[in-house]
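Please view the model alongside the text.

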Amino acid sequence: MRVLLIDDHALFRIGLLELLERRGIEVIDAVGDSDVGLRLARDCAPDVVLMDLRMPGENGIDLVRKMQREGIERRVAMLTTSTDERDVVNALQAGVNGYLLKDMEPDELVAALRGIIAGQTIVAPELTGALARAVRQESVVQEPAVTFSDLTPREMEILCHLAGGQSNKVIGNELGISEGTVKLHVKSILRKLKMRSRVEAAVLAVEQGLCDRKST
């Protein structure tokens, strides 16, 4: 295993270098400057780049993105004190292969690095809960709200008939249109509402109080 360390804290950097070397891991270099680290990542082909998240000037995520822009394909692990879920998500979205904490046990760090080199994505166990929360919140934010504004007046009329439990034939008879035309309108309603069935659309219409119509 050949590792490149990038961390602006000299004492931590030197201590980590010695710790890894005592476990038989080759440390290509341990540097505190992101530009030097970028050059070494490109020229020395480390198996994994182990870098701090927060560094003066260019932070770890910025450096990862710069590596990608320059076509430097290396496995990267963040080694940081930050347990902020946004930092975890941003790092993973940037393409890192691991998000590790500086207070982890040395043997756990070595095992994580081996897993990363083997192709795994490793996140510190303490952060899996925070990551799950962030993913759930993001999915809620990204989930588009159901809107009825795209429906035409005729489609709204047919949706309310659906909410009344009526078949396509009955709807056609009441509105004076063919059953085939009703089917086309129903397909359009489901597509616009992003729903899979007429029952799902009818239930939503009832729940939203869109069809306060008298029984016929």
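## Strand 3 and its partners

Leu4 sits opposite Val49 of strand 3. The model is predicted. Strand 1 (residues 2-6) and strand 3 run parallel, joined by four bridges. Strand 3 also pairs with strand 4 (residues 75-80), again parallel and over four bridges. Here Leu50 stands opposite Ala77 of strand 4. Between strand 3 and strand 4 the chain passes through helix 3 (residues 60-69), and this β-α-β crossover is right-handed.

Strand 3 spans residues 48-51. Val48 and Leu50 point one way, Val49 and Met51 the other. All four are buried.

## Strand 5 and its partners

Strand 5 covers residues 98-101. Gly98 and Leu100 point to one side, Tyr99 and Leu101 to the other, and all are buried. Strand 4 pairs with strand 5 in the parallel sense, over four bridges. Ala77 has Gly98 as its bridge partner in strand 5. The chain goes from strand 4 through helix 4 (residues 85-94) to strand 5 in a right-handed β-α-β crossover.

Strand 5 pairs with strand 6 (residues 122-123) too, parallel and over two bridges. The bridge partner of Tyr99 in strand 6 is Val123. Strand 5, helix 5 (residues 106-117) and strand 6 form a left-handed β-α-β unit.

## Glu155 in helix 7

Glu155 belongs to helix 7 (residues 153-163). Its relative accessibility is 4%, so Glu155 counts as buried; the cut-off is under 20%. Leaving aside neighbours within four places in sequence, Glu155 contacts Asp150, His185, Ser188, Ile189 and Lys192.

Definitions and conventions. Residues numbered from 1 in each chain as written. Predicted model: local features only at pLDDT ≥ 70, side-chain atom pairs only at ≥ 80, totals over all residues. Heavy atoms only, no water. Buried < 20%, exposed > 50% of the residue type's maximum accessible area, 1.4 Å probe, protein only. Contact = heavy atoms within 4.5 Å. Pairing = 2+ DSSP bridges. Right-handed = clockwise from strand over helix to strand, strands pointing away.
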